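Here is a protein model to read together. Take a look, then follow the dialogue.

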Amino acid sequence: MSMILANVWKYRVGYRQFVTHNKFTRIQAMSNDRKRTEKGSNLNDDEEVKYFKGILKITIGDVKKLTKASKTPELVPINYLDMTCNQEAMSHLRWMLQKDILGQDMFLIGKPGPLRRRLALAYLELTNKSVEFVSLSQDTTEADLKQRREIIGGTAKYINQSAVKAAIEGHVLILDGIEKAERNVLPILNNLLENREIHLEDGRFLVAPKTYDKLLQEHGLEHMIKWNLVRVSEDFFVIALGLPVPTYNGIPLDPPLRSRFQARHIMTPSYAVR
């Protein structure tokens, strides 16, 4: 099946035009300050042109999604969408778009190299989503994922780390090198992945958006603040990047944690598309 992701024009942050056409197989990403000046175009009647101000429409083949413009454009990846995107890469982007629509966390697995990370960042650039990036290693601790205690102005305060910031602010959390983390670290995120809930060191408790909205309607904002409940954004999801273990050195994921992800094998591009 031919999956086409056509021309992309970026007028400014939060404002793009997507055109889908069955003859184009290129992705063109123009600079933010560049405007389309061509009065004449080669668009046919079967092309689809949509304009959204503050709203992004993405079409990859038969998969379509509307997404909001990022509130923190400085955290949106740039320059990861290649000027010429091959069909293999677009098939991965199409799969990621499907999982995004379903609200499922993703696990990109493949051989060592930058391909998995580039695909993840390219997808976030395409969908205009902010990113929180964590490079996991054997030295990664619970504090690196949840909260770290720091001295600010002579007072010890808990500072939210990437996983917590992503959950609260609706960013996408990328966990790179998931096979390197110790067994006692990643299960900390298991409840956050499954139920969108996690207990923080400062006494607050992150709650899934549907649960929070229901409690808010029943008890009011005053009780929510009193109970130290914090709403997790519905835009939050996780993209994990890892190597197949035991083919490569690393620690296999625990079955409960592994079941939280939808996995995709990212193969090295064939010679024909390089």
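**Reading the model, feature by feature**

Q: Where do I start, and which residues of helix α4 are buried?
A: Start with helix α4, residues 162-169: Ser 162, Ala 163, Val 164, Ala 166 and Ala 167 are buried there. Buried means under 20% relative accessible area, exposed over 50%, and partly exposed in between (1.4 Å probe, protein chains only). Helices (H or I, at least four residues) and strands (E, at least two) are DSSP runs, numbered from the N terminus.

Q: What kind of model is this, and how are residues numbered?
A: Residues are numbered from 1 along each chain as its sequence is written, and this is a predicted model, where local features need pLDDT of at least 70, side-chain atom pairs count only at pLDDT 80 or more, and totals for chains, interfaces and linings use all residues. Side-chain values use heavy atoms, leaving out hydrogens and water.

Q: How do I read the confidence?
A: pLDDT is the predictor's confidence in each residue, from 0 to 100. Where pLDDT is low, the predicted coordinates should not be read in detail. Here the chain averages 77, and 77% of the residues score at least 70. Over residues 1-52, pLDDT stays under 50.

Q: What do the buried residues of α4 pack against?
A: Contact means heavy atoms within 4.5 Å. The buried residues of α4 pack against β7 (131-135), α3 (142-145), β9 (155-160), β10 (172-176), α5 (190-195) and β12. Just after α4, Gly 170 has a positive phi of about 80°.

Q: How do I read a sheet, and what is the order of the five strands?
A: Strands of a sheet pair through backbone hydrogen bonds, either parallel or antiparallel. Two strands pair if DSSP finds at least two bridges between them. The five strands form an open sheet in the order β7-β10-β14-β6-β15, with parallel pairing. Its edge strands are β7 and β15, each pairing on one side only. Six bridges join β6 to β15. Met 106 stands opposite Gln 262 in β15.

Q: Which helices lie against those strands, and at what angles?
A: Axes are lines fitted to C-alpha atoms, for helices over the stretch in contact, and angles run from 0 to 180 degrees between N-to-C directions. Helix α1 (residues 87-102) packs on the sheet and touches β6, β14 (237-242) and β15; its direction makes about 180° with that of β15. Helix α4 lies across β7 and β10, at about 160° to β7.

Q: What is the strand order in the sheet of three strands?
A: That open sheet runs β11-β12-β13, with mixed pairing. The edge strands are β11 (198-199) and β13 (229-231). Strand β12 (residues 205-207) is parallel to β13, and three bridges join them. Helix α6 (residues 209-219) packs on this sheet, touching β12 and β13.

Q: How do I read an aromatic pair?
A: A pair of aromatic rings is described by the distance of the centres and the angle of the planes. Rings of Phe, Tyr and Trp (its six-membered ring) pair if their centres lie within 6.5 Å; planes under 30 degrees apart count as stacked, over 60 as edge-to-face and the rest as tilted. The count here is one aromatic pair. Phe 107 and Phe 261 form it, tilted, at 5.9 Å centre to centre and 50° between the planes. Phe 107 lies in β6 (residues 105-110) and Phe 261 in β15 (residues 261-266), so the pair ties together parts 154 residues apart in sequence. Both Phe 107 and Phe 261 are buried.
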